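Open the model in your viewer and keep the selection tool ready. Each stop says what to pick next and what is there.

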Amino acid sequence: MAEAHQAVGFEFTVRPDGVDVRLCREVVKNIYLSGVTAWKKRAIKFKNGVLAGVYPASPSSWLIAVIAMMSSLYTHIDPSLGMIEVIQEALPLKGYMTVQTRAVFSAILFATGLWLFLIVLLRYTLKVLLSYHGWIFESHGKMSTATKAWLSLVKMFSGRRPLLYSFQASLPRLPVPSVEDTVQRYLESVRPLLDNDKYKEKETLAKEFMDSQAAQLQRYLLLKSWWSTNYVSDWWEEYIYLRGRSPLMVNSNFYVMDLLYVTPTHRQTARAGNVVHAMLQYRRKLERGELAPLRALGTVPMCSTQMERMFNTTRLPGIETDVVQHLNDRKHLVVYHRGRFFMLWLYTGGRHLLPSELEMQFQRILSDTSKPQPGELKLASLTAGNRVPWAQARQQFFSNGVNKVSLDAVESAAFFLALDDEPQGYDPSKDRSLDSYAKSLLHGKCYDRWFDKSFTLISYPNGKMGINTEHSWADAPIVGHMWEYVLATDCFHLGYTEEGHCKGDVNKGLPFPTRLKWDLPKECQDVTEASYLLAKQIADDVDFYGCLFNDFGKGLIKKCRTSPDAFIQMALQLAQFRDQKVFCLTYESSMTRMFRDGRTETVRSCTSEAVAFVRAMEDPAATKAVRLALFKKAADKHQHMYRLAMTGAGIDRHLFCLYIVSKYYGINSPFLKQVLSEPWKLSTSQTPQQQLNLVDINKFPKYVSAGGGFGPVADDGYGVSYIIVGENLITFHISCKFSCPDTDSCRFGRHIQNAMLDIQALFSTDNGPKPVQNGSKHM
């Protein structure tokens, strides 16, 4: 067989006259090419590491500085002001050097020192410039002269052609707000949710905290902010994610959907081949740091730290806390299909497998008729259940032998691929097809996703794709950035043949994918079954509704001189009140990636201004003018809160860290305890579009993503994710729980759509903007 021939690199036979060695030329060639590629990769990584390390300068600038200093030796002009002579006298072993050698060597040392000093100065200057955030608080479309001058300075000090990590050393640290400001903003945020008596109790607790404990806790927090690169992110990852003992599935993991209207090919293996190849291309750029850093306004850099752990990363279960394991480049992929696990090598001859070769390998897996081994079918459900049983089972049953070898293969893989056997995707001819698609991505069958992997790529038999992502290592925009690149590369660069296959020749001599072996005793299978039953109970309780709102979109909202995000958030507040008849604490995620190692902050969208607007909308006596004025006031307030969160002046991360410090030092704070125990009954998030240059939506309007979503955060609340696509489409992903009699995702979706239309009607005049009358499509 071909795979057996390739697997054996050489044969030898012992004879009376010596040893006869017969080498396989193909294998020797592959070994040679692999070595060459590895050395090239190291050289490129080293080169890019140097470029990022000296940025915004360049290695050539060092040569210029050396030449300038060397020329001074012959011009009787000493730009070093005598420093070169001082260095000459201080040189060790100067007695063994000629005068000219000492002068040249001293000039080189001085030039190098001056060059390094200028790099530090440039970086510090850029860091000071990036610490200015006044531009965020200016009205959209109205840039002050000061901001224009600031932008020019940032561009000047940012250098040319930055690599992905070039700006990391220049990013400012996340500032620690004053306790007084944070507590005041907190009280302001809960005022509309409390009656007078409860609010006075909250004020009293806050005052006691300020008078007795706040100063001490704040000092420790300031000390941490000076010592670490970010005073929030490590504690956020550990205590919010890794120490959680409940299942990751639904409760933490989130999903990302494929293109909404377009399926490039209906061949499952071909689509998977192109997508996996595009991911390998992205990984190569990521490892070399060759991706362009994301920049606000095209100028202000964002932190790229989270991207480092995108591939070859797994969350390992522990008894008390989990650990995120990130490995260096691994050359294999683990594929799950009908209860079997396969290991697939992604390289041959020192290069990535071509899309056509990947397609052939995936087809071999689909054609494999072998049965799952005992306990193998639902093995992945261990990652879907509670963390402690999984950690105990991992120690007991996967610490040695074939189980350890196979588990290591899964956990060290570049990522996990699930070849599903049931078609999914948006189909306008089928009722609620988007809902089924979302639930498949979010939890699947509870045993066909490896929920611990950084992400699981999911491939459907009709050609649709999707991703399930573990949340601890990064936030949704990080995965979204990769997915945008992959979809654009798949559709516009790799492409398919007329028959729907991947382009390129097929190398049938590649070794077959390897079945992973498992030896799972009855006790392990019992733990697996218990995890599966718990996971299935959670999955069956997820009530999901997705809707494509295309009555109008970002284009019309901007004509109303309103932020699209603020518009949607006010619609969500109106929908929430109409659905539940009460207001609730609302979570909207905001990024803090303008700071080093920044992740997210919370925007508390249910403000007093939003409540006043909603009450006016529900008051038949309120005039249109009054409602519109209150809406604008509420939208402006929301935008101000969002900007505060982005610039490090949010509420919740600061209070969270104060609480962690209080627990470390055994300080009992009733105020912080109450704050951290308040439920978020409405949790919202916007999926951003980050690389609009990859696909021209005006030219290719059908090549748009449906975004992604997540499960409900509260048992009696809603989870809402939305993506603003182009100018005329907004997609909502709404989740709640069937077990709660007071929530209904479909009902809430209708409330959102009606709220959007009702708010838009406030702006409608005979001469004003009108909605696009093409009707909403509901799944």
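Begin with the cysteines: the structure holds zero disulfides, a disulfide being a pair of cysteine sulfur atoms within 2.5 Å. This is a predicted model, in which local features need pLDDT of at least 70, side-chain atom pairs count only at pLDDT 80 or more, and totals for chains, interfaces and linings use all residues. Residues are numbered from 1 along each chain as its sequence is written, and side-chain values use heavy atoms, with hydrogens and water left out.

**Stop 1**

Cys606 is buried, at 2% relative accessibility. (Buried means under 20% relative accessible area, exposed over 50%, partly exposed in between, with a 1.4 Å probe and protein chains only.)

Now pick Cys740 and Cys736. The sulfur of Cys740 has its closest cysteine sulfur in Cys736, 7.4 Å away, which is too far for a bond. Cys740 is also buried, at 9%.

**Stop 2: the whole chain**

Zoom out. The chain has 24 helices and 23 strands. These are DSSP runs numbered from the N terminus: helices are H or I with at least four residues, strands E with at least two. Of the 779 residues, 55% count as buried. Among contacts with a separation of 6 or more, 78% join residues 24 or more positions apart. Contact means heavy atoms within 4.5 Å.

**Stop 3: H11 and H12**

Select residues 268-288, helix H11, and residues 355-367, helix H12. They pack at about 130°, with axes 8 Å apart. H11 is therefore oblique to H12. (Angles under 35 degrees count as roughly parallel, over 145 as roughly antiparallel, 65 to 115 as roughly perpendicular and the rest as oblique. Axes are lines fitted to C-alpha atoms, for helices over the stretch in contact, and angles run from 0 to 180 degrees between N-to-C directions.)

Show side chains. On H11, the contact residues include Gln268, Ala272 and His277; on H12, they include Pro355, Phe362 and Leu366. The contact has seven nonpolar, six polar and one charged residue. (Ala, Val, Leu, Ile, Met, Phe, Trp, Tyr, Cys and Pro count as nonpolar, Asp, Glu, Lys and Arg as charged, and the others, Gly among them, as polar.)

**Stop 4: H19 and H24**

Finish with helix H19, residues 564-580, and helix H24, residues 745-763. Their axes come within 8 Å and cross at roughly 125°. That makes H19 oblique to H24. Among the residues that meet are Phe567 and Leu574 in H19, and Phe748 and Ile759 in H24. This contact of H19 with H24 has 13 nonpolar, five polar and four charged residues.
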